[in-house]
Amino acid sequence: MASFVASRPQSFCLANVASPGSFSSAAAPTARELSQVLSGLQLARQLSHDLLERIGSFVAENVVSGPQGSVRPFTIVDDPSAWKAADWAGRESEFVLQLHPEDVTALKQTVADMEAAGRPLTALKRPADFPLPAALAARLAAMKADLLHGRGFALVRGMPVKEWSEWQCLAAYMGIGAHLGYRGPQSKDGKLVNHVKMVYPKAGAAPSAAPSTRPMREHAHNLEFGFHTDAQADVLGLLCIRQAREGGVSGWSSTLAVINQMLAEGRADLVQCLAGPGWYRDRARYQDLAPGDSPVWEMPVVSYHDGRMTVHYNAAHYRLCANRYYEIVGQLTPSQLEAISMFEEIAGRPDFKFEQRMQPGDALFLNNSAVLHARSAFKDGDSEEERRHLVRLWLAVEDEDLTRPAHLDFPRNYSTNYDHDTFVGLMHPDPDTFHVPLSCEADDV
């Protein structure tokens, strides 16, 4: 951090300014003496003013920076995406895109046309693949701008999911998603959606078979799910088809606000730790590795690149890599564990964590580099209507104003400039395998 020294006239010293005690008690101060006092006080006042201006300028230049695009490393970021929960109290209309009756009618017609033509869900890649009325398309474009360059979260409300089949729900959801970004794979076998729901025994299973409470994948249990960002997406989507009988509250926090608070509380050392080496994801989870390939992919939590700060976070995956690949990556250090603890503690504070219980027909979209998300535990009911079912979508956004650090620079469309044989990254998908499973076709691994 730069240092500064306030300049002052070489001839001036406060000790040279006459003080009341320096006057003779036998005689009143002369006019000359009074003039010296007043001149000294005026000069001191001017120096104080100059010093305060210098301090203010120093703070602005070295402690606070922003917005995104002009961020300096390890400074508090002044940006619309650095918000707290209280900032959005009573402002739901600003981040909720409520579908109007005419919007719903248009969605139903486009879905019906697509179904009648026998078009597969994998065909939904671009806005032209799912035409919408100009007014709704313009609202979605404005929402996309807010996701990428504004607050970083938005919610589309009012899809008639109770009137639709699951295929129709997916068509409308992925069609809206196509207006925001290009759908990307979420697994090594090319799934383009992921069904987030409790996994129960298959029909015909033995009566003694009990529901699993902690299967291999986080999306298939009903336990609390802590703050994280997803593996590879610019924008994360979550459609609520059904909600649980109890619980299942969604929460999200600004990554920039959390880092700002860590800096404000004097823990730049922990932010530097988050931006340093030693944070890994398991590549074997997302691709079939060739002999000699590294099984881990390094992804720092905090990255400063081209004037932008991005955050990528999942503590469960850091711990998994430390345990599974100890000989390669070693254990998490005390500083890393302390950074994780402070990061999550701040994100979960009531004044940082924004919460909503999604309704059937809601579709939440989050900037995956600017917003953390979490979920409370839930309890399903006995009927299918009370069994929580969300659908996850990963969207990649081609935006010339957004440059990414190398570990987040994955293909944005998998159709141009992507060579499956040579690409190296966290994921290594084969576009020929891309598919959209219904929940009855999905697995829990």
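Select N314. N314 is buried, at 7% relative accessible area (buried means under 20%, exposed over 50%, partly exposed in between, with a 1.4 Å probe and protein chains only). This is a predicted model, where local features need pLDDT of at least 70, side-chain atom pairs count only at pLDDT 80 or more, and totals for chains, interfaces and linings use all residues. Residues are numbered from 1 along each chain as its sequence is written, and side-chain values use heavy atoms, with hydrogens and water left out.

N314 sits in the loop between β14 (308–311) and α8 (helices are DSSP runs of H or I, at least four residues, and strands are runs of E, at least two, numbered from the N terminus). Show its neighbours: N314 touches H228, T229 and R281, not counting residues up to four places away in sequence (contact means heavy atoms within 4.5 Å).

Extend to α8, residues 315–324. Its buried residues are A315, H317, Y318, C321 and A322. They lie on the same side of α8, because they cover an arc of only 165° around the axis (taken from the directions from the helix axis to the C-beta atoms). What do they pack against? The buried residues of α8 meet β11 (280–282), β12 (296–298), α9 (326–329) and α10 (334–347). On the face turned away, find the exposed residues N323 and R324.

Next, select M262. M262 is one of the residues that touch the most other members of the largest nonpolar core, which has 60 residues; I259, L274, Y313 and F343 are the others (such a core is a set of buried Ala, Val, Leu, Ile, Met, Phe, Trp, Tyr and Cys residues joined through side-chain atoms within 4.5 Å). Apart from it lies another core, of 46 residues, including L121, M159, V235 and L393.

Move to the loop between β1 (64–65) and β2 (76–77), where P67 sits. A cis peptide bond joins G66 and P67, with omega about 5°. F74 is in the loop between β1 and β2 too. F74 has a positive phi of about 60° although it is not a glycine, and is partly exposed at 30% relative accessibility.

Finish at D306, in the loop between β13 (302–305) and β14. D306 is not a glycine, yet has a positive phi of about 55°. D306 is exposed, at 55% relative accessibility.
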